[in-house]
Amino acid sequence: QGIEYLLLGHTQDDQIETFLMRVRAGSTWYGLAGLPHKSPSPIWPEGRALTLIRPLLDVTRCELSDFLAAHSLQWIDDPSNENMKYERIRTRRLVSNMSGDARNKAVSSINRMKLLRETANAELDAWNVRHTEQRIDGSMELDRDAFLALGDERGQRFLALAGMCVSGAKTQARTQSIASALSAIKASFNDAVTFGQCWCVWRQNALRLYRRPTGEKRTPGAPVSETTPVSKDMHTLIWDNRFE
């Protein structure tokens, strides 16, 4: 539809619920930063030009409903919001019974994590600009020593994001496969591993990330034979989930 910004109605309650659910699931500090106020759309490639905005993260669900009622604005309650088989609904019931002090402590923790995540993202972004080269075939090349200097936590985060970029995958590879790839890169000077839809090859200090080949006989980074319908009305075409 040509929409550039989509505003979502997530509230502070949604933020606290997400935080508690991720604590229970054993999330890292990165995930405990909760929902961002602004983020790119996760829908790929259709949503590549869409930014999600959450302007109500500091507003409680009660404050929002009171505002709507005061202005005679109607809303619809989803019946599934009463279904206790969903973890989100059970957590929602817990949050609704939290004291004001407990809510404030949860929000304070989320905000500290969020600031830490914003700083970490900016640092990794700057590192990426300095140390990686985007190749014309869609692969990525970087210095192995510089990569290992990132450390395990940032190294795994870089591999997860870079793997999506070079492969065109819609989601990140599994955490365990990324951790295994990092261990292999640290262990030897010449080797190759796969994680998700990405193939990682390194020779001495040159480290390259390719789209994962579909068969063992494929050459790293070789073009994929693919047919894409093109109409005369097309202005932009996304090919292979990677090229515009």
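**Entry 1: ground rules**

I am working with a predicted model, where local features need pLDDT of at least 70, side-chain atom pairs count only at pLDDT 80 or more, and totals for chains, interfaces and linings use all residues. Residues are numbered from 1 along each chain as its sequence is written, and side-chain values use heavy atoms, with hydrogens and water left out.

**Entry 2: the whole chain**

I began with the elements and found 7 helices and 8 strands in the protein chain. Helices (H or I, at least four residues) and strands (E, at least two) are DSSP runs, numbered from the N terminus. Along the principal axes, the C-alpha atoms fill a box of roughly 65 × 50 × 35 Å.

I then looked up burial: of the 244 residues in the protein chain, 34% are buried. Here buried means under 20% relative accessible area, exposed over 50%, and partly exposed in between (1.4 Å probe, protein chains only). The protein chain exposes about 15,400 Å², with 55% of it supplied by carbon and sulfur atoms. These areas come from the Shrake-Rupley method with a 1.4 Å probe, and for residues only the protein chains shown count as cover.

For contacts (heavy atoms within 4.5 Å), I took those with a separation of 6 or more, and 55% of them join residues 24 or more positions apart.

I noted the charges too: 32 positive and 29 negative side chains, with the centres of the two sets 5 Å apart. Lys and Arg count as positive and Asp and Glu as negative, while His and the chain ends are not counted. Each charge is placed at NZ of Lys, CZ of Arg, CG of Asp or CD of Glu.

**Entry 3: β5 and its partners**

I went back to the strand that holds my opening residue. Strand β5 covers residues 140–143 and runs antiparallel to strand β8 (residues 206–211), joined to β8 by 4 bridges. Two strands pair if DSSP finds at least two bridges between them.

E133 has E141 of β5 as its bridge partner. β4 and β5 form a hairpin with 5 residues between them, and G138 in the turn has a positive phi of about 95°.

Which residues of β5 are on its covered face, and which on its uncovered one? I put M140 and L142 on the covered face, and E141 and D143 on the uncovered one. In a regular strand the side chains alternate between the two faces of the sheet.

**Entry 4: the β7–β8 hairpin**

I followed β8 to its other listed pairing, with strand β7 (residues 198–203), which is antiparallel over 6 bridges. V201 stands opposite R208 in β8. The two strands form a hairpin with 2 residues between them, and Q204 in the turn has a positive phi of about 55°.

I looked up S167 and found it in helix α6 (residues 152–167). S167 counts as buried because its relative accessibility is 2%. A polar atom of the S167 side chain lies 2.6 Å from the backbone oxygen of G163, and the side chain also reaches the backbone nitrogen of A169 at 3.1 Å. Not counting residues up to four places away in sequence, S167 touches Q197, C198, R211 and R242.

Q172 sits in the loop between α6 and α7 (175–187). Is Q172 buried, partly exposed or exposed? Q172 is partly exposed, because its relative accessibility is 45%. Leaving aside neighbours within four places in sequence, Q172 is in contact with A160, L161 and M164. Its C-alpha atom is 9.0 Å from that of Q197, 25 residues apart along the chain.

I checked Q176 as well, which is in helix α7. Q176 counts as exposed because its relative accessibility is 53%.

**Entry 5: E17**

My last stop was E17, in helix α1 (residues 12–24). Why does E17 count as buried? Because its relative accessibility is 0%. The side chain of E17 makes a polar contact with the side chain of R92 at 3.1 Å. A polar contact is a pair of N or O atoms within 3.5 Å; within protein, one must be able to donate a hydrogen and the other to accept it, and residues adjacent in sequence count only if both atoms are side-chain atoms. Not counting residues up to four places away in sequence, E17 touches R61, R88, T91, R92 and V95.
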